[in-house]
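Visitor: I should like to go through this structure term by term and ask for the grounds of each description.

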Amino acid sequence: MNKYEVLWVDDNVEEQDAFLESAYLEGINITFFKTSKLGMEELSSKIEYYDAVILDAMVYNESEDEKAGLIGLQNSIKKINSLADRKKIPYFIFSGYIDKDEHSSAREMLADEKIFIKSKDNQALFNAIKEAADEQELTQLKHKYPNPFAVCEENYLGAKHFERVLQLIKDIENPENISNPQDGLLPIRKLLEASFDKLNKLGLIPDEIQNGNGSINGASYFLAGSNDQYLYEGKLIHPVRAESIRHLISLTQDASHNEGNKLGADTYLGKANNTFLYQSLCYSLLEVLDYLKPFIDTNSVKSINQKKWEEICF
């Protein structure tokens with residue numbers, strides 16, 4: 001099932017658990033805010049992350065201490081429209097009572113907007129969200145590369161890595177737009193470091209290696225089963241993935257100014273008349289991330305993972 005990330009601004013979320021559960025079963029993950037101000041701040045900082053927006057008709061504008069009204073909705077729509085140069089994100093008005101007679105003036109004000117009524121139009125809203133989101137280029141990429149984007153969730157590597165993964169995928173999809181491949185090596189390294197940090201938290205990399213000098217090299221050697229100071233009960237990760245990680249680290253570290261220049265990778269990439277090497281690194285990292293998501297899901301118990309290796313006492 002395809003997944004959709006949706007931002008919801010509503011002042012009465014606490015009483016809508018059934019809606020949230022139904023959305024989840026439809027593959028729609030909802031992040032909600034009770035004021036237009038907080039919701040639009042989130043959207044401004046992470047609009048690429050979201051596939052659609054749901055707006056309550058009567059909502060708090062800046063504070064929960066104020067009375068809910070249309071001004072919050074109007075300001076949200078205004079902000080969404082102002083972000084269109086970055087992304088034209090679809091939005092949907094979802095109200096519990098705007099269809100009642102006493103709100104006829106509000107309906108007139110929103111005459112050009114499609115309004116979904118809570119409880120009555122829930123399924124119609126879910127269908128409309130998916131249909132509109134599926135037309136978005138970014139949503140199409142997220143569905144094409146589900147696992148690399150999924151590891152950007154907080155229970156994996158974290159949302160701060162979403163932009164890094166997105167740029168790597170854009171470079172693969174549109175290599176003609178790559179202008180400086182050297183600049184793409186640091187995000188690759190950052191994603192590898194984040195992967196090691198997560199595996200350390202799961203007990204698959206010892207603290208003394210993760211927190212020691214040369215941790216990125218040490219972590220990669222340990223995962224490959226190549227650290228002779230430890231006994232291994234079996235392979236920690238697939239050898240092919242371990243080799244891919246070593247290759248990625250070798251080139252990204254060499255290109256880093258504070259890591260030496262054994263291979264001259266930075267200069268090589270700068271003078272190359274093509275971007276094939278950089279694209280190959282992007283593909284290698286995406287293959288690792290694609291493997292990492294289900295691997296974390298099936299190896300999530302730290303106490304079990306720590307039994308897979310043992311430090312040798314000399």
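Guide: Of the 314 residues of the protein, 50% count as buried. The model is a predicted one, and the protein comprises 15 helices and 7 strands. The C-alpha trace spans about 80 × 50 × 35 Å along its principal axes.

Visitor: How do you know which parts of the protein carry the highest and the lowest confidence?

Guide: The average pLDDT of the protein is 89, and 93% of the residues score at least 70. Confidence is highest in helix H5 (residues 122-133), with a mean of 97, and lowest in helix H4 (residues 104-109), with a mean of 59. Where pLDDT is low, the predicted coordinates should not be read in detail.

Visitor: What makes the sheet an open one, and what is the order of its strands?

Guide: Its 5 strands run in the order E2-E1-E3-E4-E5, with parallel pairing. From one strand to the next the twist averages 30 degrees.

Visitor: How do you know that E4 pairs with E5?

Guide: Two strands pair if at least two bridges are found between them. E4 and E5 have 3 bridges, in the parallel sense. Ser95 has Ile117 in E5 as its bridge partner, and Ile93 stands opposite Ile115, also in E5.

Visitor: What connects E4 to strand E3?

Guide: Strand E3 (residues 52-55) pairs with E4 in the parallel sense, again over 3 bridges, and Val53 stands opposite Tyr91 in E4. The chain passes from E3 through helix H3 (residues 70-82) to E4, a β-α-β crossover that is right-handed. E4 itself is mostly covered, with 4 of its 5 residues buried.

Visitor: Why is the ring pair of Trp8 and Phe94 called tilted?

Guide: A pair of aromatic rings is described by the distance of the centres and the angle of the planes. The centres of the Trp8 and Phe94 rings lie 6.4 Å apart, and the limit for a pair is 6.5 Å.

Visitor: How many aromatic pairs are found in the whole structure, and which residues do ring pairs link into a cluster?

Guide: The search finds 13 aromatic pairs. Ring pairs join Trp8, Phe19, Phe94 and Phe126 into a cluster.

Visitor: What makes Arg246 a charge over the ring of Tyr221?

Guide: The distance has to be within 6 Å of the ring centre. Arg246 lies over the face of Tyr221 at 4.1 Å from the ring centre. Lys3 lies over the face of Tyr24, at 5.8 Å from the ring centre.

Visitor: What about Ser119, buried or exposed?

Guide: Ser119 has a relative accessible area of 66%; this is over 50%, so Ser119 is exposed. Ser119 lies in the loop between E5 and H5.

Visitor: What is the phi of Ser119?

Guide: Phi of Ser119 is near 75 degrees, a positive value in a residue other than glycine. Most residues other than glycine have a negative phi.

Methods:
Residues are numbered from 1 along each chain as its sequence is written. This is a predicted model: local features need pLDDT of at least 70, side-chain atom pairs count only at pLDDT 80 or more; totals for chains, interfaces and linings use all residues. Side-chain values use heavy atoms; hydrogens and water are left out. pLDDT is the predictor's confidence in each residue, from 0 to 100. Helices (H or I, at least four residues) and strands (E, at least two) are DSSP runs, numbered from the N terminus. Rings of Phe, Tyr and Trp (its six-membered ring) pair if their centres lie within 6.5 Å; planes under 30 degrees apart count as stacked, over 60 as edge-to-face and the rest as tilted. A charge sits over a ring if NZ of Lys or CZ of Arg is within 6 Å of the ring centre and within 35 degrees of the ring normal. Axes are lines fitted to C-alpha atoms, for helices over the stretch in contact, and angles run from 0 to 180 degrees between N-to-C directions. Buried means under 20% relative accessible area, exposed over 50%, partly exposed in between (1.4 Å probe, protein chains only). A crossover is right-handed if, with the strands pointing away from the viewer, the path from the first strand over the helix to the second runs clockwise.
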